[in-house]
Amino acid sequence: MCKILVAGGAGFIGSHLCKKLIEDNNEVICLDNLFTGSLANIKILQNNKNFKFIQHDVEEPIDLQVDKIYNLACPASPPHYQYNPVKTIRTSVVGMANLLELAKKCNATILQASTSEIYGNPLEHPQKETYWGNVNPIGIRSCYDEGKRCAETLMSDYHRQYGIDTKIVRIFNTYGPNMHPNDGRVVSNFIIQALKNEDITIYGEGNQTRSFCYVDDLVNALIKMMNTPDFCGPVNIGNPSERTILQLAELIIQLTKSSSKIIHKPLPSDDPTRRKPDITLAKSKLNWEPTIDIEEGLIKTINYFKSILQNI
């Protein structure tokens, strides 16, 4: 049994990770400041003897004894990370430094949940890990993009300078149960609007593309990465099945049997036009690729949001 710290463990991805780690017979400490995370996401774990929740902000150091650290502590949707951009970048950079110091003290392996946003509005398609990105350093998304890029630098320097066992995973668009209904991400936005038979809002013409990975596939990849020796990454984790935002909206309308109409609004600043991972490295190093197709994953997610709306 390993003692594992999951920072951001009450969030969307973190809560699924905590659940899987508990199922795999580990002792899990879930750390979260509950800015975007929710106790409801981890309610089913609260009475488990191998699970402990600590309300804490990673901007402040913490003293624990652990074997492994997963860092998912940062708001990941544009409305949430743009709400307090200074806080966002401090969470990514100061929080990363604090968790790396903890890893150094404990001689623990640490995994950073980085993001496809480090590629910015990419000039390379699909994006390989060797691509350095096309990021606006002073835009409205920069607090998140550059914060995550700096966190990768810290991980790499702690590995080189102190010999810390570090793992960097670049997460592409992920969806599934426990998404915040008001997080502003495209899947949750479209599903909520469709279930309410409201107009579905598309920014621009809807020709921009994304690649959507179901959360269970992502969690399996995170655990594989953590347990793969002699590989620091970075490694892309996502579903390479690319589709336009307009196609996604039409599919959600179909699956929900909604009467929603699609409306168009101006495209936000620095919104990437194309996003698709090259997962060759994940296949070869982790023996991983996604197994859940978009329709199966969306049906599970739609059912989750139906239950949420019934309780509001």
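The structure is a predicted model, in which local features need pLDDT of at least 70, side-chain atom pairs count only at pLDDT 80 or more, and totals for chains, interfaces and linings use all residues. Residues are numbered from 1 along each chain as its sequence is written, and side-chain values use heavy atoms, with hydrogens and water left out.

Helix α3 (residues 85-106) packs against helix α4 (residues 142-162) at an angle of about 15°, and their axes lie 8 Å apart. Axes are lines fitted to C-alpha atoms, for helices over the stretch in contact, with angles running from 0 to 180 degrees between N-to-C directions. The two helices, α3 and α4, are therefore roughly parallel to each other. Their crossing is right-handed. By class, the contact of α3 with α4 comprises 14 nonpolar, three polar and three charged residues. Contact (heavy atoms within 4.5 Å) involves, among others, Ile89, Val93, Met96 and Leu100 in α3, and Ala151, Leu154, Met155 and Tyr158 in α4.

A second pair is formed by helix α5 (residues 186-195) and helix α7 (residues 245-256), which pack at an angle of about 40° with their axes 10 Å apart. This angle makes α5 oblique to α7. The crossing of α5 and α7 is likewise right-handed. In α5, Val186, Val187, Phe190, Ile191, Ala194 and Leu195 meet Ile245, Leu248, Ala249, Ile252 and Thr256 of α7. The contact of α5 with α7 has 10 nonpolar residues, one polar residue and no charged residues.

Technical notes:
Helix = DSSP H or I, 4+ residues; strand = E, 2+ residues; numbered from the N terminus. Parallel < 35°, antiparallel > 145°, perpendicular 65-115°, else oblique. Left-handed = near helix turned anticlockwise from the far one by under 90°. Nonpolar A, V, L, I, M, F, W, Y, C, P; charged D, E, K, R; others polar.
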